[in-house]
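Let's walk through this fold together, one question at a time. Have a look at the structure first.

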Amino acid sequence: MNKRNWSSAAKVIIIAIVLSLAGCGQSGDGKVKLDFMWFSDGGEGEVMKEIIEKYEKQNPDVDINLVEIAFKDVKTKLKTMIAGGKPPALVRINDTYEFADYAIDLTDYVGDQEKFISQFEDSIKPFYVIDGKIIAAPMDITANGMYYNKDLFKKAGVKVPQTPEEIWTWDEFTAALKKVKEKGDARYPMVWDSSGHRWSTMMYEYGGSLFNEDLTKAAVNGPASVKALTDFKKMHKEGLIPDSVWLGGENPNNLFRSGTVAVHLAGNWMMGSYKDITHFSWGVTYLPKDETRSSVPGGKYVMGLKNTGVEKETAKFIQYLSTKEVNAEYIEKSLFLSARKDNKDLNYPLDDHMFDVFTDEFKHTTPQAAKDWSYQQVMNKNAGDLTTGIAKALKGESTPQEALDEVAEIFDGTIEQNNKQP
């Protein structure tokens, strides 16, 4: 495995960050203390606190300290703590590869590795099994999808697909957006997260990909991807998507919450945020299709760190979180999708149909989408370059072909650099 190089940056900032985690080990009351670095998309932090409380009652010799920080700070702070020789016992994380060398190999604790892995969705395996080691445990999976304002579509007289058989093509979808704009009084027909990950949903449906099948060369500048970016730009030019999100930094979540936007392309994690909307009716519908259907998979994981002196207790807690019963409680209360294959029929406190739609999107995701975005050796470094390239095309600084040629060159440069490392 190539050496993951980030220590210099982490060492520079170590003196600038005040560590809020007190460290692992034996606490004054004789309990084993586990620091758990955590970030929340919604209310899942409160759910995890409940789960920890139950675990501590069953294991009175363990004290778990959940420390919540902003998602944007997780990687920086984790690097700092590792560089300083004081890693937390546990961290909730989505980019696992960068920290794989510092993770506990759970294989030593879970028994039969294949049996453990077989419990989870196959497409996310590259995120938590690296170099033959189980470096984390899956908690939830994510899929991109579409939220819609029921009131605006109803006012425009546009029926929204409710079954896979009714799924729009992209041409039918853009025609529906134009009608909602004209007759539904939508301020904006659609907002779309400013993210290469979210844009790539359209790319995969058009038959494109970020890399070739064996991940040896970039393919993001192929004809299908260029067509997807060309049509994405056209949607902006026609006023179906506002420039303010991709080019001005406006928050698409806030725009959808205002009740004046018809559609928001985002991820299933937004259900937890939108659940408190009461001034209009909203729902989830199927993504449009082109050559094929696809979403883009992702997920969150719990990783245990080495060199804490509490590795055994850490692994035991991770196994507890991974059980069917505990995972179901976490997923239902957090309004997520489970990474476990046997936790698909859950009792959510929201409309089950919305979860069914996202599960269906995940199920119909092309294998190449999972392969591309689990290629963390490149995407950890260059995901932002894809977003930047798309923005350049939207601004008119580059044609779609030129923008994606530039992104492909960056991807290939990273692949070449990685191949040179011992």
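Q: Where is the place of Thr-366 in the chain?
A: First, a friendly note: this is a predicted model, in which local features need pLDDT of at least 70, side-chain atom pairs count only at pLDDT 80 or more, and totals for chains, interfaces and linings use all residues. Residues are numbered from 1 along each chain as its sequence is written, and side-chain values use heavy atoms, with hydrogens and water left out. Helices here are DSSP runs of H or I with at least four residues, and strands are runs of E with at least two, numbered from the N terminus. Thr-366 has its place in the loop between helix 16 (352–363) and helix 17 (367–373).

Q: Is Thr-366 buried or exposed?
A: Buried means under 20% relative accessible area, exposed over 50%, and partly exposed in between, using a 1.4 Å probe and protein chains only. Thr-366 has a relative accessible area of 16%, so the residue is buried.

Q: Which residues is Thr-366 in contact with, leaving aside its neighbours within four places in sequence?
A: Contact means heavy atoms within 4.5 Å. With those neighbours set aside, the partners of Thr-366 are Tyr-204, Thr-292, Arg-293 and Ser-294.

Q: How many of the residues of helix 9 are buried?
A: Tyr-204 is one of the buried residues of helix 9, and so is Trp-199. Helix 9 (residues 196–205) is mostly covered. The count of buried residues is ten of its ten.

Q: Which residue caps the N-terminal end of helix 9?
A: Look for a side-chain oxygen that lies 3.1 Å from the backbone nitrogen of His-197. Just after helix 9, Gly-207 takes a positive phi of about 95°. The N-terminal cap is Ser-195.

Q: What is the relative accessible area of Leu-386?
A: Leu-386 sits in helix 18 (residues 376–395). Leaving aside neighbours within four places in sequence, its contacts include Gly-196, Trp-199 and Phe-411. Leu-386 is buried, with a relative accessible area of 0%.

Q: What radius of gyration does the chain have?
A: This radius is taken over C-alpha atoms, and the globule rule is 2.2 Å times the number of residues to the power 0.38. Along its principal axes the C-alpha trace spans about 70 × 50 × 40 Å. With 422 residues, a compact globule would have a radius near 22 Å, and the chain agrees with its 22 Å.

Q: What percentage of the 422 residues in the chain do buried residues make up?
A: The chain holds 19 helices and twelve strands. Across its 422 residues, the buried ones make up 56%.

How values were computed:
A polar contact is a pair of N or O atoms within 3.5 Å; within protein, one must be able to donate a hydrogen and the other to accept it, and residues adjacent in sequence count only if both atoms are side-chain atoms.
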